[in-house]
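Please open the structure in your viewer and keep the selection tool at hand.

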Amino acid sequence: MPRCSDPLPACGARPAAPPVWTRRRREALAGYAFVAPDLIGLLIFVGLPMVLALGVSLFSVDGFGGYTFVGLDNFRQMAADAQLWQSVKVTLTYVVTFVPIGFVVSLGLALLVRDHFPGVGLVRTMFFLPHVISLVVVGVVWQFLLVDKQGAVPALLRPVGLGEVSFLGNPALALGSLVVISIWFLMGYQMLILLGGLKDIPKEYEEAARVDGATAWQRFRHVIWPLLRPTSFFVLVNSTVGAVTGLQAFDLVYVLTKGGPAGSTSTVVFYIYQQAFTFNNYGYAAALTTAVVAFLVVATGLMFGATKGGRFDVG
Amino acid sequence: MSVRLRALAGYMLAAITVAPLVWLLVSVLKPADELFQVAVPSRLTLDNLLYVLTEVPIGRYMLNSAVVSVAVTVVALVLHSMAAYALARLRFPGRQVIFSVIVSTLLVSLPVILVPLFLVARQLGLLDTYAGLILPAIFHAFGIFLLRQYYLTIPRELEEAADLDGCGYFRRWWQVVVPLSRPILASLAVLFFLANWNAFLWPLTATREPDLRMVQVGIATLQGQYGSAWNYVLAATVVAAVPTLIAFVLGQRRLVEAIKTSGLK
C-alpha cells in the first residue's frame with residue numbers, strides 16, 4: 001500500500017495515491033483486532049470481577065448461587081466483625097514488620113554483591129533460589145524445619161535453651177515466623193531489582209566522593225541513596241501491595257498455619273477466602289473485597305501523590 | 001569492606017539462605033525413622049521418592065500443571081505480543097485510553113478479586129475444567145506492558161521496509177517484530193511458566209475434581225492427608241520442584257533480565 005502522507009523519500013516516488021482515510025482505517029482496524037483478545041480477556045477476568053464485587057456485596061449469596069438483596073447489611077456487618085478487625089491487625093503488623101525489614105535485608109544483600117568477587121554470580125543465584133520455589137513448597141519445608149521439639153530449628157536452638165519453643169504453635173511467634181519466611185522468600189527478588197538500580201549509578205560519583213574523603217556511610221547516604229530512590233520506591237510499593245494482597249499473604253498462611261493459632265496469622269485475604277469458601281458467605285466476602293479495593297485505590301493515590309510518583313525530581 | 005571480607009560474608013549468608021533447601025534434599029534421602037535426627041544419616045534411600053512416584057498420583061498432578069503452564073505461556077505470549085505491538089505502533093482512536101485501562105489493572109492482584117472471579121467462572125461454567133484453569137491465568141497486564149515498552153525501542157525503519165515490501169500488519173508483526181523480540185519473549189516465557197507452575201490459589205479455588213489437581217494443590221492435599229508422614233510430603237515437594245529448577249537453570253539469565261527491567265520501567 002503506497003503511503004504518500006509519510007515523509008519517507010521512497011514514498012514520494014510512488015504514483016496513484018489512494019485516499020488517505022483507507023490507510024488510516026486499515027491501520028485502526030488492525031489495531032483493534034490486535035488489542036481485542038487481550039482487552040476482552042482482561043475485561044472479563046479482571047474488570048468484570050471488580051465491578052461484580054461491588055454489585056454482589058449488596059446481596060446475600062447462598063452456596064447454590066441464589067441471590068437475595070440485602071442492601072448495605074454486609075457493610076454494616078463489618079463494623080461488628082471482631083475476626084475481621086483481628087485480621088486487619090494481623091495484616092498491618094505483617095506489613096509494618098515485613099516491608100521495612102525485608103527492604104533493609106534486600107538492600108544489604110544488593111550492596112554486598114554489587115561489585116565483583118570470586119563466585120559472586122553463584123552467591124547471587126543462591127540468594128534468589130528461594131524465590132524460584134513455590135510458596136507451597138516453601139511453606140511445607142519451613143513447617144518441617146519448625147516442627148515442635150523435633151524440627152531442625154528447635155534442634156539447633158537447643159544449646160541456647162530455646163529448643164522447646166513452639167514457633168508455629170505460639171500466637172506471638174507464629175506471625176514473626178511468617179515474616180521471617182516471607183523475607184527469606186522475597187529478598188533475592190528485591191535484591192535483583194535493587195542491584196539493577198545500583199548498577200545504573202555511575203561509578204564516577206562514588207569515586208569523586210571517595211577522593212573528597214567521604215566515608216563509606218557518607219557515600220551511601222549522599223550519593224547512592226538519593227540516586228537509588230526511584231528503585232527503592234518501586235520495591236517498597238511492590239512489597240507493600242504484595243504484603244497486603246499478595247500471594248504470600250495467602251499461600252504461605254494456608255500451607256503453614258491455616259490462619260492459626262488463635263487467628264494470629266489470619267491475614268485479610270485469608271479471612272476473605274475463608275468467608276467465601278469455608279462458610280459460603282459470598283456476599284459478605286464480596287463486600288470485604290470491595291473494601292480492600294477501595295482501600296488500595298486510596299492508599300496508592302496517597303502514596304503516589306506524596307512521592308510524586310516516586311520520581312523525586314526536586315531535591 | 002575489602003573484597004575478601006565481602007566474599008566471605010557473601011558465602012556465609014548464601015550458605016545460610018540455601019540451608020533449608022539443602023536440608024530438604026538430604027531429608028528426602030533419609031530413612032523414615034531418622035527424618036528428624038540432626039546427624040549424618042546411617043544410609044541413603046530412594047524409598048520416599050519411589051513411594052511418592054508410584055503410590056501418589058503426582059505424575060497426574062505434574063501433567064496437569066505442565067499442560068496448564070505451557071498453554072497459558074504460549075497463548076499469553078502470542079496475545080500479549082499482538083496487543084503490545086498495536087499499542088506501541090499502530091495508530092487508532094482510543095489507543096491511550098485502552099492502554100491506561102490495561103495498565104490500571106496491574107493494581108489488582110488475584111487474591112483481591114478471587115471471590116468475584118470465582119462467581120464469574122461459575123456463571124461461565126469454567127469451574128472444574130482445564131479452560132477454567134487456563135483462561136483466567138492468561139490475562140495479565142504485566143506482559144503487555146513490558147512488551148510494549150520493548151516494542152517502542154524497535155526502529156520504525158525495519159517495519160517501514162516490510163511495509164514497502166507489501167507486508168500487511170499481521171506479517172509485519174509476525175515476521176519483523178516477533179523475531180526481533182525473541183530475547184524478551186524468552187524472558188517472559190520463563191517467568192510465565194514458573195508463575196503458573198507455582199500457582200496455588202486459583203487452581204485450589206477453581207477445581208474440586210481430584211483429576212484436575214495441579215501439582216501445588218496436590219502437595220497441599222498430601223500435607224492434609226498424610227499429616228505426619230513427613231517423608232512422603234517432603235518427597236512430593238522435591239519432585240514438584242524439579243521442573244521449577246530446570247526452568248530456572250535453563251532460563252536464569254533471561255529471568256534475571258526480566259526482573260531487573262521490570263524494576264526499572
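How many salt bridges does the rule find across the interface of chain A and chain B? The rule finds 1 salt bridge there, and this is a predicted model. To see it, select A:Glu27 and B:Arg91, whose side chains meet at 3.4 Å, N to O. Helix H2 of chain A, residues 20-56, is the next selection; it gives 23 residues to the side of chain A that touches chain B, the largest share. By class, that side of chain A holds 65 nonpolar, 17 polar and 9 charged residues.

**The whole interface**

Now display both chains together. The contact involves 91 residues of chain A and 89 residues of chain B. Between them the two chains bury about 8300 Å², and carbon and sulfur atoms account for 76% of that area. Select A:Phe34, A:Phe45 and A:Phe144: these supply 11% of the area that chain A buries against chain B, more than any other three residues. Polar contacts can be shown as well; between chain A and chain B there are 13 residue pairs in polar contact, both residues being at pLDDT 80 or more.

**The second largest pocket**

Next, colour the helices around the second largest pocket. Each of the following supplies at least two lining residues: in chain A, H4 (82-112), H6 (135-146), H7 (152-157) and H8 (171-199), and in chain B, H1 (3-28). H8(A) provides the largest share of this lining, with 7 residues. Colouring by class shows 20 nonpolar and 4 polar residues in the lining of the second largest pocket, with no charged residues.

**The largest cavity**

The last stop is a cavity. By the rule applied, the count is 1 cavity of 30 Å³ or more. The largest cavity holds about 40 Å³ of space.

Which helices supply at least two residues each to the lining of the largest cavity? They are helix H12 (268-277) of chain A and helix H5 (110-123) of chain B. The largest share, 3 residues, comes from H12(A). By class, the lining of the largest cavity has 7 nonpolar residues, with no polar and no charged residues.

Terms used:
Residues numbered from 1 in each chain as written. Chains lettered and ligands numbered in written order. Predicted model: local features only at pLDDT ≥ 70, side-chain atom pairs only at ≥ 80, totals over all residues. Heavy atoms only, no water. Helix = DSSP H or I, 4+ residues; strand = E, 2+ residues; numbered from the N terminus. Nonpolar A, V, L, I, M, F, W, Y, C, P; charged D, E, K, R; others polar. Contact = heavy atoms within 4.5 Å. Buried area = accessible area lost by both parts, 1.4 Å probe. Salt bridge = Lys/Arg side-chain N within 4 Å of Asp/Glu carboxyl O. Polar contact = N/O pair within 3.5 Å; in protein donor to acceptor, adjacent residues only side chain to side chain. 1 Å grid on protein atoms, 1.4 Å probe; cavity = no way out; pocket = protein on both sides within 12 Å on 5 of 7 lines; lining within 4 Å. Points joined across faces, edges and corners; volume = space filled by probe spheres on them.
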